[in-house]
Amino acid sequence: MSWLGGWEGYRVETVERREGEQPEIWIFLGFQPGAALICDGCGEAAGAVHDIECRVVRDLPILDATTFVSVPRRRVACPQCGPRLERLSWLERYARVTTRLAESVGRLCAVLPVKHVATFFDLHWSTVKAIDTHRLEVALNPPEFSSVEVLAMDEFALRKGHRYATVVVDPRRRRVLWVGKGRGREDIRPFFDLLGTAGCHRIKAVAMDMNAAYAREVKARCPHAVVIYDLFHVIAKYGREVIDRVRVDEANRLRHDKKARKVVKTARWLLLRNRETIVREEDHVRLDEVLAANQSLMTVYVLRDELKGLWRMSSPEAARTAWNDWVRKARDSAIPALMRFAKRLEPYLAGIAAATVWRLNTSVLEGINNRIKVIKRMAYGFRDDAYFFLKIRDAFPGIPS
């Protein structure tokens, strides 16, 4: 049993099996004669024992029984550190579970909710969470930034009530670098503090949505970085502010023609989708009918596809030329929602044109945000944001460089 257990510095003196609703095995350890005493502070050998205290810790279950180990824990009289605990490879300083049990708990926490792991090992929920938190902190901190030159940042919903958090990613390696509460300028400032002056100067490009707070902080902290506005977010905003607005206005205009009004009102998702993603033939026919019957909807639908073309231009100059042509068409349309959107989008033109050089976007973040939702759902929500953020970073360690 001593050999199987691997209790370095100790030997098994007695073993008891206690029957009950949940069987228990109790293993009582004694000191191994001649074993070296190592100070847990400095790692040097100590010649004397200061005092001894018996501690009961949990170990991995043996067959059907929960396993307890009674350990006489020594404090050594270290000449350098004073009274310090003896260093043991199989039991951390203040732990109430052995290292191998903690490792097993951590492996299961990577794929199961804390509650399920606690039930499996018959441990308290808070004990399992503390073990997993410690595992994640050791594995993930501090983050390594030396090779990071481009970033992508986006927000995600933390919980109901407009509570948000920001996630920063290395898009080349698909690695989550940092997660923090909030989406304001002061909220993301700790990331750039962590990155340091040298790290900020290495950043060449940052992809983001149209969050002005993100852009201002990036420009203030990263002097060589180019801000790139993501196609997905701009087109999503166009869908909400232009296509949806025009659709509602046209439906209201047709309120005396109930049949035509219903056709326009129920076409929302068809108008917001890309034509190439529509599978059913009847949906293609319906979309064509809606567009053919309504000039305003046809105009904003076509101009949306032309707006996407800005990101596919060969150079920033070509993108600006295409932009000028697009703005002229928007103004000529005399559609208020479209004209307003063109005016609001103009300050972001430099970040859109920069996408023709960097070909950088936040698409990797959309996949990460979906996975974040799965992590949150699997745990039925997280009450501890710091632990939740560690779980997110652990789920996206990145592609090895």
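**Overall form**

The model is predicted, and its secondary structure comes to 16 helices and 10 strands. The radius of gyration of the chain is 30 Å, well over the 21 Å that the globule rule gives for 401 residues, so the chain is more spread out than a compact globule. Along the principal axes, the C-alpha trace spans about 95 × 50 × 30 Å. Of the 401 residues in the chain, 46% are buried. Among contacts with a separation of 6 or more, 57% are accounted for by residues 24 or more positions apart.

**Two helix pairs**

Helix α7, which covers residues 231-253, crosses α13 at roughly 155°, and the axes of these helices come within 9 Å. Because angles over 145 degrees count as roughly antiparallel, α7 is roughly antiparallel to α13. The crossing in which α7 passes α13 is right-handed. On the side of α7, the residues that take part are Val234, Lys237, Tyr238, Glu241, Val242, Arg245 and Val246, and they meet Ala337, Leu338, Arg340, Phe341, Arg344 and Leu345 of α13. Sorted by class, this contact of α7 with α13 has eight nonpolar, no polar and five charged residues.

The second pair joins α12, residues 316-333, to α14, and here the helices pack at an angle of about 135° with their axes 8 Å apart. That angle makes α12 oblique to α14, and α12 passes α14 in a right-handed crossing. The contact is made by Pro316, Ala319, Arg320 and Trp323 of α12, together with Leu349, Ala353, Thr356 and Val357 of α14. By class, six nonpolar, one polar and one charged residues make up the contact of α12 with α14.

Helix α14 itself runs over residues 349-358 and includes Ala350. With a relative accessible area of 52%, Ala350 is exposed, because the cut-off for an exposed residue is over 50%. The C-alpha atom of Ala350 is separated by 22 Å from that of Glu155, a residue 195 places away along the chain.

An α-helix has 3.6 residues a turn, so residues three or four places apart point the same way.

**Buried and exposed residues**

The table sets out the relative accessible area of several single residues.

| Residue | Relative accessible area | Class |
|---|---|---|
| Ile27 | 0% | buried |
| Lys308 | 11% | buried |
| Ala334 | 54% | exposed |
| Leu63 | 85% | exposed |

Ile27 has its place in strand β2, which covers residues 24-31. At 0% relative accessibility, Ile27 counts as buried, and, leaving aside residues up to four places away in sequence, Ile27 touches Met1, Trp7, Val12, Thr14, Val15, Ile62, Thr67, Phe68, Val69 and Ser70. The C-alpha atoms of Ile27 and Arg11, which are 16 residues apart along the chain, are separated by 10.0 Å.

Lys308 belongs to helix α11, residues 295-308. Is this lysine, Lys308, buried or exposed? Its relative accessible area is 11%, so Lys308 is buried, the cut-off for a buried residue being under 20%. With residues up to four places away in sequence not counted, Lys308 touches Leu231, Ile235 and Asn274.

**Two residues with positive phi**

Most residues other than glycine have a negative phi. Leu63, in the loop between β3 (49-62) and β4 (65-78), has a phi near 55°, a positive value in a residue other than glycine. Leu63 also counts as exposed, at 85% relative accessibility. Ala334 lies in the loop between α12 and α13 (336-345), and although Ala334 is not a glycine, its phi is positive, at about 60°. The relative accessible area of Ala334 is 54%, so Ala334 is exposed.

Conventions: Residues are numbered from 1 along each chain as its sequence is written. This is a predicted model: local features need pLDDT of at least 70, side-chain atom pairs count only at pLDDT 80 or more; totals for chains, interfaces and linings use all residues. Side-chain values use heavy atoms; hydrogens and water are left out. Helices (H or I, at least four residues) and strands (E, at least two) are DSSP runs, numbered from the N terminus. Buried means under 20% relative accessible area, exposed over 50%, partly exposed in between (1.4 Å probe, protein chains only). Axes are lines fitted to C-alpha atoms, for helices over the stretch in contact, and angles run from 0 to 180 degrees between N-to-C directions. Angles under 35 degrees count as roughly parallel, over 145 as roughly antiparallel, 65 to 115 as roughly perpendicular and the rest as oblique. A crossing is left-handed if the near helix is turned anticlockwise from the far one by less than a right angle, and right-handed if clockwise. Contact means heavy atoms within 4.5 Å. Ala, Val, Leu, Ile, Met, Phe, Trp, Tyr, Cys and Pro count as nonpolar, Asp, Glu, Lys and Arg as charged, and the others, Gly among them, as polar. The radius of gyration is taken over C-alpha atoms; the globule rule is 2.2 Å times the number of residues to the power 0.38.
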